[in-house]
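I opened the notebook to record what I looked up in this structure.

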Amino acid sequence: MFSIGQMVYSKNGRDKGEAFIIVGIEGDYLLLADGKRRKLEKPKHKKMIHVQKVNKVDGDIKNKIENNMYLLDSDLRSSLKRFKEKVSE
């Protein structure tokens, strides 16, 4: 099962291999943003079967989204950067 704030990788499309954060769930679709090419104002709609789940959820981002707190694209970028640095170690 997917949750808001979870990191995923795209398996299909032009953005194949790119990392995203789930910022919303609508039925069979995930709303994905990375803060760079896909901003919070216009997240990418992608079917659940077209993403690779990662067992990493950013609790701070999840909390901000669920409580309708102020969230910036820079928050997403820094979270993804920390995640990528941790993976590359």
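Is Ser 10 buried or exposed? I looked it up: Ser 10 is buried, because its relative accessible area is 4% and buried means under 20%, exposed over 50% and partly exposed in between, with a 1.4 Å probe and protein chains only.

Before going on, I noted that this is a predicted model, in which local features need pLDDT of at least 70, side-chain atom pairs count only at pLDDT 80 or more, and totals for chains, interfaces and linings use all residues. I also noted that residues are numbered from 1 along each chain as its sequence is written, and that side-chain values use heavy atoms, with hydrogens and water left out.

Entry on Ser 10. I found Ser 10 in strand S1; strands (E, at least two residues) and helices (H or I, at least four) are DSSP runs, numbered from the N terminus. I saw that its side chain makes a polar contact with the side chain of Lys 46, at 3.5 Å. A polar contact is a pair of N or O atoms within 3.5 Å; within protein, one must be able to donate a hydrogen and the other to accept it, and residues adjacent in sequence count only if both atoms are side-chain atoms.

Entry on Met 7. I placed Met 7 in strand S1, residues 6-10. Met 7 is buried, with a relative accessible area of 1%. Beyond its neighbours within four places in sequence, its contacts (heavy atoms within 4.5 Å) include Phe 20, Ile 21, Leu 80 and Phe 83.

Entry on the core. Met 7 is listed again among the residues with the most contacts inside the largest nonpolar core, which has 13 residues. Such a core is a set of buried Ala, Val, Leu, Ile, Met, Phe, Trp, Tyr and Cys residues joined through side-chain atoms within 4.5 Å. I noted that strand S2 (19-26), strand S3 (29-33), helix H1 (59-66) and H2 each supply at least two residues of this core. Apart from it I found another core, of seven residues, among them Phe 2 and Phe 20.

Entry on rings. I looked for aromatic pairs (ring centres of Phe, Tyr or the six-membered ring of Trp within 6.5 Å; planes under 30 degrees apart are stacked, over 60 edge-to-face, the rest tilted) and the count was one. Tyr 9 and Phe 83 have ring centres 6.3 Å apart and planes at 45°, so the pair is tilted. Tyr 9 lies in strand S1 and Phe 83 in helix H2 (residues 73-88), 74 residues apart.
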